[in-house]
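Subject: Structure handover

Hello,

Here is the structure I said I would pass on. Please open it alongside this note.

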Amino acid sequence: MFKKLLIVTGLITLGSFVLNKDSRSKAKDGVGEVVAYVKSVVKSKRHGVESSTDAPEKKLYALRGRLKDLDVEISATKDRLAQRIVESSHAAVEVTKLRDVVDTGTKVLTARAKEIDDARTELVGYAGSPMPVPAARKRLDRDLELVAAQKTLLAETEDAARQQEDGVSLLRQHVAELETLKLEAKTKLDVLDLELKKLRMHEVKDRFEANDTKAGQFLDDLKELEKMIEVKKVRRSLDPKPAPAAAAELSRSVESATDAVARKLGLTPEKKIEKAGD
């Protein structure tokens, strides 16, 4: 019966080790998945690739919710640890009791064996009752078998107690590792959250600068138009200017006083000059 108990205890310890190892692996994978996913989202944001239904902030919020699964795992592991601590404590008490029984039985039987060997009569006192020496020897043999069985039980109980202690140490290590993983994952998520916020600030800045750029381009276009108009003005100034028709007509209609006199008096140009000299 006790051997079956030891086998079950060993299987439970081994199963706990396997489960703890598996849960540690899953926890590490979960943290790695969280970090890898958020990094991929940040990378896609840097390259301007983002689905309208796949906002990084929503994913980050969801991943923080999944991070709480580690709290559940840590709590469950602490429950198992508390149970193992109690079981280990009880096993240590049982070992102490059984060791006292074995030690006491060994001393008693050693003393009885000495009394039997030193007996000078046909009767010898055994366990408070007188009995013949041959019967006392047989009784001693049976008691020795019982103490030997108790000693074997003690060795097996000590081994089971050591397994319990190993289980406690393993679970303590597991709890510490899970808490470290949780802290690492939370820290990385906080860093990535900050990086996302910086990206959002850059987006606002880019939009602001883009608006400034459009305004600047508009002003540049105005300057270009002004330059084009100025070039046309300069080009026009390079062409000869035609005389105004009114000015030519005026010049033709204006007659000098001498010509007017000659015309009225019917004088020739020579006479007109002479006449003008007189």
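Below is what I found, going from the overall fold to single contacts.

**Ground rules**

This is a predicted model: local features need pLDDT of at least 70, side-chain atom pairs count only at pLDDT 80 or more, and totals for chains, interfaces and linings use all residues. Residues are numbered from 1 along each chain as its sequence is written, and side-chain values use heavy atoms, with hydrogens and water left out.

**Overall fold**

The protein chain has six helices and two strands. Helices (H or I, at least four residues) and strands (E, at least two) are DSSP runs, numbered from the N terminus. The order along the sequence is α-α-β-β-α-α-α-α. Of the 278 residues in the protein chain, 23% are buried. Buried means under 20% relative accessible area, exposed means over 50%, and partly exposed is in between (1.4 Å probe, protein chains only).

**The hairpin**

Strand β1 covers residues 123–126. Strand β2 covers residues 129–132. The two run antiparallel and are joined by four bridges. The criterion for a strand pair is at least two DSSP bridges between the strands. Val124 sits opposite Met131 of β2. Gly125 has Pro130 in β2 as its bridge partner.

β1 has two faces. Val124 and Tyr126 make up the covered one. Leu123 and Gly125 are on the uncovered one.

Two residues lie between the strands of the hairpin. Ala127 is in this loop between β1 and β2. Please look at its backbone: Ala127 is not a glycine, yet has a positive phi of about 55°. Ala127 is partly exposed, at 42% relative accessibility.

**Rings**

Tyr126 has a charge over its ring. Arg112 lies over the face of Tyr126, at 4.6 Å from the ring centre. The test asks for NZ of Lys or CZ of Arg within 6 Å of the ring centre and within 35 degrees of the ring normal.

**Salt bridges**

There are 14 salt bridges in the structure. Each has a side-chain nitrogen of Lys or Arg within 4 Å of a carboxyl oxygen of Asp or Glu.

- Asp71 and Lys182 meet through their side chains at 2.5 Å, N to O. Asp71 is in helix α2 (residues 56–118) and Lys182 is in helix α3, so this pair ties together parts 111 residues apart in sequence. Asp71 is partly exposed at 33% relative accessibility. Lys182 is also partly exposed, with a relative accessible area of 27%.
- Arg84 pairs with Glu87, with the closest N and O atoms 3.7 Å apart. Both lie in helix α2, three residues apart, about one turn of the helix. Arg84 is buried, at 8% relative accessible area, whereas Glu87 is partly exposed, at 30%.
- Glu184 pairs with Lys188, with the closest N and O atoms 3.1 Å apart. These two are four residues apart in helix α3, about one helical turn. Glu184 is partly exposed, with a relative accessible area of 33%. Lys188 is partly exposed too, at 34%.

**More on helix α3**

Helix α3 spans residues 133–237. Ala160 is in this helix. Ala160 is buried, at 11% relative accessible area. Ala160 and Ser88 are 72 residues apart in sequence, but 9.0 Å apart in space, C-alpha to C-alpha.

Leu222 is also found in helix α3. Leu222 is partly exposed, with a relative accessible area of 37%. Together with Phe218 and Leu219, Leu222 forms a nonpolar patch on the surface, with about 300 Å² of accessible area in total. Patches are made of residues with over 30% relative accessible area and no salt bridge: like charges are joined within 9 Å, nonpolar side chains (Val, Leu, Ile, Met, Phe, Trp, Tyr) within 5 Å. Areas come from the Shrake-Rupley method with a 1.4 Å probe; for residues, only the protein chains shown count as cover.

Best wishes
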